[in-house]
Structures are given as C-alpha cells and as structure tokens.
Protein chains: 2
Amino acid sequence: MSRQMVRPGGRSARVQASVHAAVRELASEVGRDALTVPLIARRAGVTPSTIYRRWGDLQELLSDVAVERLRPDTAPNDHGALSSDLTAWAEQFLDEMASPTGRAYIRDALLGDPDGSNAGQCSAYAAEQIGLVLTRATERGERTPEVETVIDRVVAPMMYRILFRPDGLDATYARRLAAEVLGQTGP
Amino acid sequence: MSRQMVRPGGRSARVQASVHAAVRELASEVGRDALTVPLIARRAGVTPSTIYRRWGDLQELLSDVAVERLRPDTAPNDHGALSSDLTAWAEQFLDEMASPTGRAYIRDALLGDPDGSNAGQCSAYAAEQIGLVLTRATERGERTPEVETVIDRVVAPMMYRILFRPDGLDATYARRLAAEVLGQTGP
DNA sequence: ACCTTAAAGCAAAATCATTGCGTCTAGCGA
DNA sequence: TCGCTAGACGCAATGATTTTGCTTTAAGGT
C-alpha cells in the first residue's frame, strides 16, 4: 500500500499536498541537502510529528516526492516511425535522467523505499511510455520488439550507467541502444 | 579521494578496521535498520565524533562497508568454455545481488556516495570479473564480445531489475541474458 | 445529526549530530 | 635515533532532530 493511499479528500489530502509542496519549494530554495523534517514541517504549516508518523523519515518522504516528479507529464511524441519515436524517447529519457537533478530524484526514489514499490512505479512509468510507442508502431504495421526487450536493452543500460558510471553519457549512446534493439527485430 | 585512503598503518587503520567490524557485527545482530552512529561507535570502542569526522554520516559509512562486501572474493570459475563461464558467472552474480542482503548492500553503496565513486567501484568489480572470463576465452581462441557489451546486455538488465523490479528474478533470466549476448557474437 | 476512528496537534523526553579545544601518535626529516 | 608537525582522536558542551504519550480535530458512515 502506497503512501498516496490516504483518505482521498479532506484534511489528510491537504496535509499531503502541503507537505509535498513544501518539499519542492524548499528543495529549490535551500537545496536538496539542506532539507530537514522540521524545516519542511514549518513551511507546510504542520508539526514534525505528523511527518514522522505518516512517512517514517525524511528519506521516505523524499522518495514519495521523487516518484511524483519522475512521472512523465506527456505522451511520447509521434514522429511517424518506430525508429524515430524510440530514438527520440530514449534521448529524452537519458537527458532528463542523467542530469544532476534527475539522478538525485532517482536516488531518492530508490532510497527511502524498503519494499521497492516506489522504484517499481518508476519502472512502470517507463514501461508505459514504451508500450505507447510500440503500440503505435504496431498499428502502423511495423514489426516491434516486446516491451520487456526494450527495457532490457535500452532502459536498463542507460539506468545502469546513470547510477554506476555517471561519466561519458550522451545522446549518441541512447541512439545506439535504440538502433540496436530495433536492428535485431527483423533480419 | 576514497575513504580507504587513510594513513595506511597505525591508529587510523585500527580505528577504520574496528568501525567496519562493528558495523558488520551489529548489522547481523540488530539488523541493518537499527544501526546508528553512537551504537556503532560504542561497539567499536570509539567516540561518535570520530565517525562523524571521518565518514560524515551513517550513510557514507554504510556505503564504504557495502562496497567492501561487494568486492568479489574469488576469480570466476573456469569451466573450459566461454558460454559456461559467463553463464555461471551471471547466475552467481544474480544470486548474490538479488538476495535481500545483496540488495541492501547495493542500495547502501549507491546511497551515501555523493560523487559516485563507490558505485563506480562496484561496476569496476563486475567489469574486472567479466574481463577475466573474456580474456580466458580469447586465449582459448574463442570469439568474444566486448566487456562493455556484456555490461550492457547482462549486468545492466540484472541490476535494473534488482533495483527497480525485485520480483520474478531467477537463474533462468541470468542464463538467457548470457546466452543472448553470446548468440550474437558470431553468426 | 451523531458516532467512530484515523489522523493531526502539542509538548516533554530521549537520542543524535555538530563543534571547539586539548591530547596523542604516526610519519618524516635531520 | 630523536625530536617536529600535522592529522586524527577523545572529551564535553551545545544545538538539532526524532520519538512518544496524550489530547483534539474532522472525515466518513449510519
């Protein structure tokens, strides 16, 4: 059961929104590393114990906020061909995720996440976007790989390098991965 | 500059060893989540301020210990053929890393790691082991993929799923990835 | 409209993190 | 070998955060 599953309306929802907003505001004002629970609580007009009881600790709260910000806000662009769509999506994904901000969000999402549900949500977002791209391609009559294949061959390598080898990542790498996974689809 | 770069002998080294040992002991006694700096300090016979000054905070200390424990203790077994060697290595890697303990270490290594050097070290360990396997194969006259290819096609997918989709991982998956990266080497 | 109960507020107590200062010792050059 | 010196540690005071018991509020159901 996720942290978002609170009573949908009323005070709880207001508190949640207000705390999330406080995190975002303060993160941009004083920086991600200067955040503390009492600071966030003051800005949100809430007592610290409320945050501790609802989220457990700062990491879990930041994890929640991070997942929210990692949710794609728009469907992938349609360029009329699978190869363009997938390449463009991979480039944009890498660009967003490999930035210092993006990497901080990924780490936060992974961190305060004992059961892995927040991380799973991130993966689900990516799978959803890829599913859209592939479905459109299928409707055009193109042969497409499986979503899982694209995850293994495009998303996973990018994420691995973002997390474990933050150097030397650029759009060329994203393009190459996209091209390789498609090149293998039909001989 | 890594945390291991302390004065190699004498008191500093003793403190480092004693603190690392305290972390490992307490982690298995009271559980990873119950660790605190004062607790570790008491067990190590050291004052908390020593730990704070040397490591900064609990996360960085745990990150150090995690990297140490993620270092492979032995060279990959030699089965006489690349396909067996790589499959066996991937199976063992997944088995170790996908366990709750392994995942905790990976997360710790990623976490308290502002500059990414600890995570880079983990990746380097894997690259080293794979390099050994591939070199042996080359010496036998087998055609081999590049280390980077194996990282992208075998290590990255396993790591991605360990971190983002902890369910449904088994040795079959590791074998399939190993087989696929080799199947593509020479048509 | 009342009742029930999850969630929030409040405040005290406990624990943890930070910092200044004195002491010690490993490593180095004479 | 014998001091130097600078980095590392211990100690203790201070400040901040986290935890907890109890009370109060308000959402959602009857």
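Helices here are DSSP runs of H or I with at least four residues, strands are E runs of at least two, and both are numbered from the N terminus. By that rule, chain A runs α-α-α-α-α-α-α-α-α from its N terminus on, which comes to nine helices and zero strands. This is a predicted model, in which local features need pLDDT of at least 70, side-chain atom pairs count only at pLDDT 80 or more, and totals for chains, interfaces and linings use all residues. Residues are numbered from 1 along each chain as its sequence is written, chains are lettered from A in the order in which they are written, and side-chain values use heavy atoms, with hydrogens and water left out.

**Chain A on its own**

- The C-alpha trace of chain A spans about 60 × 35 × 25 Å along its principal axes.
- An automatic or database domain assignment sets the bounds, and it divides chain A into domain 1 (11-56) and domain 2 (72-183).
- The C-alpha centres of those two domains of chain A sit 30 Å apart.
- Of the 187 residues in chain A, 43% are buried, meaning under 20% relative accessible area with a 1.4 Å probe and protein chains only.
- Take the contacts (heavy atoms within 4.5 Å) in chain A with a separation of 6 or more: 66% of them join residues 24 or more positions apart.

**How the two copies relate**

**The largest pocket**

- A pocket is an open set of points on a 1 Å grid over the protein atoms alone, where a 1.4 Å probe fits, with protein on both sides within 12 Å along at least five of seven lines.
- The largest pocket holds about 1,500 Å³ of space, counted as the space filled by probe spheres set on the points.
- Its lining, meaning residues with an atom within 4 Å of a point, has 45 residues, and A:Gln59, A:Leu111, B:Arg32, B:Gln59 and B:Leu111 lie nearest the centre.
- Elements giving two or more residues to this lining include helix 4 (58-70) and helix 6 (100-111) of chain A, and helix 1 (11-30) of chain B.
- Helix 6 of chain B gives the largest share of the lining, eight residues.

Definitions and conventions:
Buried < 20%, exposed > 50% of the residue type's maximum accessible area, 1.4 Å probe, protein only.
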